[in-house]
Structure formats: C-alpha cells, structure tokens
Amino acid sequence: MVKKLIYISFTFTLLLFAWASSGQQRFPKPEFENGYVQPSPVTPEPRAAAMEFFDVIVLLVALSLASYLAVKKRSRQGILWLSVFSVAYFGFYRNGCICSIGAIQNVALAFADPAYAMSITTLFFFLLPIIYSLFFGRVFCAGACPLGAIQDLVIINPISLPRWLRKVLGLLPFIYLGLAVLYAATGTDFIICRYDPFIGIFRMDAEFHMVVLGISFLLMGMFVARPYCRFLCPYGVLLKWMSMFSKWHLSITPSKCIQCKLCTNSCPFDAIDFPTNEKEVISTKSNVRKFLIYAILIPVWVVAGGFIGSKSHTFLSKANPNVYLAELLIAHPELKNDPDNIDVQTFMASGKSLETLVGEAKVIRNEFYIGGWLLGGFIGLVIALTLLNQVIYRKREDYQPNRGDCYSCGRCMDYCPVDR
Amino acid sequence: MGKKAKNRREFIQSGMRMSLGLVVGGLGALSLKHVTKDEWVWQIDPFECTQCGRCATNCVMSPSAVKCIHAYDLCGYCNLCGGYFKPDANKLSTAAENQLCPTAAIQRRYIEKPYFEYVIDEDLCIGCAKCVKGCTSFGNGSLHLQVMHNICLNCNECSIARVCPSHAIKRVKAADAYIVKGDFSKGGKT
C-alpha cells in the first residue's frame, strides 16, 4: 500500500516537475483551521563583527607588550607569560583562527581574484606583525603567535643543529611561502591552514593524520626547538626580512658585552652570532673571487629555478579541483557512468559541458604556468642569495642575536651577567 | 676606518628599513582597495546543493556545523513526507524503522487531518542531507542544509567548500549569514 503510494507520489513528482521549476509549489501549504502557529527556522547569529575588532586590539596589545618586554624591560619571564596568554587566547579560545600566518593567503587571493574582498580585520592581522617587526624585531614570534608560543613552551632540552643543516632546512619556508601564495592566488586551496599542525591541538579535534603531525611536531620541538617556526613557517620569511633591518632589536647585554661567553649556549635556536674569529676569515682575495662567481650565478639560479617551476606546473595544478576533474574525465571517460563518483555525477547533472570545464581548467593551468615560473625563479633567487651570504663576512666584536633568526624570546638576556 | 665602516652599515640598514617600510606601506595601501568592512562567513546556497552528504563528514567540527533547517513557509505538511520516511517504509508511523533520519532528529507531530508538522531537533542533526534529498526529490524542498553559525568556526578556508562537488558553499556577508529558502526558485525572494 505504502509502496504504491510512493510510486504514485513519484510519478506525481515527475508530472509536477515542470511546475515546480517554474516557481510553483508541488504540495501547497495548507490553510489550518485549528489556529496552528507556524514556527520559524532556527538561525543562530554568527560571532559579532565587533568581536573580530576586539581580536585586532588584543593582537595590538600583545605585540606592544612583547616589544616592551623584549626591547625595554628585558624580561624573559614577562614574555613567557605573554606566550601562555597567546596560546590560551588565540590558540585555545579563538581556536587558532584568525591568524597572521594564514592571512598571507587572504591577501594573495584578494589581489588575484577581483571578486574576493578580504575583511579589514584580516588585513590588520597580516600587516601589524610585519610593521612591528620593522621596528622591534620578531616580537610577534616571541609572544603573540600561538603557534610559536606553544612550541616555545615545550622546549626542554634543545640540541644545536649544524650550520649546513640549518641553512638547507631554512630554505623550506621560502618554498612553502611560494607554494601557499601560488595555491591561494589561483583559488585552489589554502594550504597553510589545511596543514597547520597545531590547529588540531587548539581545537581538540582534527583528522587523525593532522593530530599525529601536531603531536610529533611538539615532541620534536622538545629537542629541536620550534621546528615549525624555523623550518616551515611562511610568515616567518616576511618577518625575517623586516627584522633584519629593524629599527630597534632585543640585545643580549644591556650595555657593553664583556665577552664572558655565558650566553653562547642559551639560545635554543642557534640564533646568536659569535664574534668573528680573525684566524678563520679566509684571505680576502679568494673570497672576492668566490663572491663574484656567486653573484654572476644569481641569474643562472633564477632562470634554472623558473624553468623547473614552469615544467612542474602540470603537476602543481592537479591540486585544483577543476583541473583534476577535467583530467580525470579525459583520461577515464568511462567514469561518467560510475554512480559512486560523486564529483563526476554532480558535474554530469549540472548540465555543464565537458568543453566548458576543460576550458576553465586550461585557464587555471595557464595561471599555474606563469605562477610556476615566478615560484621557481623566487626559489632560485633565494638559493643564490643564501649561497652569496656564505662568503660575506661581517666583522663582529661581540656576541649578538642574529636579527633575522632571533625570535626575541629573551632567554639569552637572563644569562648575561652585566646588570646595567 | 672602524667608524666609517659602522656608518656605512648603519646607512645600508636605515636605507633598507625605509624601502621595506615603503613596500609594506604600498602593499597596505593597495590592499585597501580589496578590503570590505564586512566580516565573511561560510554558507550553503540551498539551490546549488546536491545533497551529496559530504557536509556531514568533511567539516572540521564533529558533528558537522552544517545542519538541516526547515523553511516552514515551503512545507506542504504532507502525511507522506519524503524527508521523514524511508522509501520502503512499512507504515506511515513514527516508528524508528520507518524513519529516514539516522539520528531520529526529525519530530513528526499531528496538527489536523491530514496534515503533520515536521520539526528538526538541531542537537541531533548531523547534516547528512538524507532528509533534504528526500524532501527535494519528492516534496517541496522545504528541508535544506545551512551552516549553523553558533557551531561554525569560520575557518579561513572551509574544508567542506573544498570538496563540495556543486560549489554550493560560498562566502556571504556576516550581516546576512543565512540563505533560508523563501521561494521555490533561486530568483525568488529569500
């Protein structure tokens, strides 16, 4: 009986389909006689926009406080408590979103896609730490970034990594930054957010592999201090550039270095530059030759990088869902009849022709071709400049924080015996 | 000599600082063109949704922030509800075996002959879209999915949007955070 009813209703549906699509009701709403009052759908409001501005103010206060504590007050303890606050507020309370690291992608997408406009709070989150770095060094990393802070809090017994390893792994953030901008600008994906290792910990909920990644980063971070910050963080690249030329910066000693060497092992990040050893400085002549060779090689690196980048554009573009679907349908036309493939079935039902899809995919792939050149060229330039930096010797007489790599965490200040 | 070298170093430092400052300032000024005062939130366009069921499994929240809501204006108050009953239901009763919803989140209540009201218990709904599919295929389409903003974390990039086959999830302004169906076609009033 019921089955029959359903069949009837099904045919009824088909009959009425033309009606329904032209704006008619299949089953008109009844007129009730017993005074029935219709409830209204439940639609809870989103978090008020005012609260987003409150986040910006919290960030501003955290950055100012970190600058004050690192540069003026010289208090490691203060920075420690500030990082605890940042982990609690930006991490566990705000669930790690919104964050300055991810804001890179919003900015990239806003510039690439005219239809997308970022909210003003996102722009603040992107710009404020950069501006502060230009004046006070990487104070954002010191205490305001929840990702940095959670790693800073788990450092137990940091080991010193050899210089070559630091330099090689130090190239990864540049590659990550380039890829993130490329994927965001092409509207493909926000990889920084998707592969944020700590967001699962902040939210106490994530996919299994991301939880494993987050916990392994924290375990690794007990011995290799701040692994994400040093060898992955794409935003750190921007802050590093700013911090290298910052107006003020944390200093190990409050006045004059007495060369006591007490601070040498205090930095978990190997970010203290030692005084130049006159004996080790290679003779100027061979150094100049090396410098010239590396300088001439810069364009070679850029072009080679760009070439490799452009060659890999087909591979890189596979992450885009449109390109992926178009490729899949061309390579396996039989999938059109596969009822289990939701993507293909939805596409077939949408009435869009394969030609349109392939056309869209080609546009995106072309963007990836240009992006591949830029990305490869950028990475080539970074490698060339890193090499060039190896033969530049700056004369240093004291123990100083390396302005690019120093996170202004303030550990070294506690080791300095000079009082004022 | 030493003083001169120091002066040169300071000159390069401040020169670079100025140029970086200009770059950041310029970037900021250019970005102002691409900025809105509104906050953005994620929402499902119910007219694009194809009820694939991925909302239930791909949200970073578990259970998903996507839930079914009922646009009562569109409901036909049918006895044989395509969103409530399984297609092979034995009997049009509230017995669990007849219900389509895996969590029994839809409550059916008799109003007057032959009409029944269907209310969704949002706490039980997991956003699987089974009822939406039934209602859209056999009924008026008054049941449809929406992102619930008391649960949604407003991720920078919605992890459901990435896998949505019909691109139904889009950014909307926080002031109009819901797209509740108010008419039967997309062009109608909402």
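Guide: In this predicted model, helices α15(A) and α19(A) are roughly antiparallel to each other, because their axes cross at roughly 155 degrees and angles over 145 degrees count as roughly antiparallel. Helix α15 of chain A covers residues 284-311 and helix α19 of chain A covers residues 354-390, and their axes come within 6 Å. The crossing of α15(A) and α19(A) is right-handed.

A second pair in chain A may be set beside it. The axes of helix α3 (residues 76-93) and helix α7 (residues 146-153) of chain A come within 8 Å and cross at roughly 125 degrees, which makes α3(A) oblique to α7(A). The crossing of α3(A) and α7(A) is left-handed. Among the residues in contact are A:R76, A:L80, A:V84, A:V87 and A:F90 of α3(A), and A:P146, A:I150, A:D152 and A:L153 of α7(A). The residues of this contact divide into 8 nonpolar, 3 polar and 2 charged.

In one of them, A:K29 pairs with B:D73, with the closest N and O atoms 3.8 Å apart. A:K29 lies in the loop between α1 and α2 of chain A and B:D73 in the loop between β3 and β4 of chain B, so the pair joins two chains.

The backbone has some particular points as well. Most residues other than glycine have a negative phi, and most peptide bonds are trans. A:Q259, in the loop between α14 and β2 of chain A, has a positive phi near 60 degrees. In chain B, the bond joining B:S62 and B:P63 is cis, with omega about -5 degrees, and B:P63 lies in the loop between α2 and β3. The bond from B:K113 to B:P114 is also cis, with omega near -5 degrees; B:P114 belongs to the loop between β4 and β5 of chain B.

Note on methods
Residues numbered from 1 in each chain as written. Chains lettered and ligands numbered in written order. Predicted model: local features only at pLDDT ≥ 70, side-chain atom pairs only at ≥ 80, totals over all residues. Heavy atoms only, no water. Axes fitted to C-alpha atoms, helices over the stretch in contact; angles between N-to-C directions. Helix = DSSP H or I, 4+ residues; strand = E, 2+ residues; numbered from the N terminus. Parallel < 35°, antiparallel > 145°, perpendicular 65-115°, else oblique. Left-handed = near helix turned anticlockwise from the far one by under 90°. Contact = heavy atoms within 4.5 Å. Nonpolar A, V, L, I, M, F, W, Y, C, P; charged D, E, K, R; others polar. Salt bridge = Lys/Arg side-chain N within 4 Å of Asp/Glu carboxyl O.
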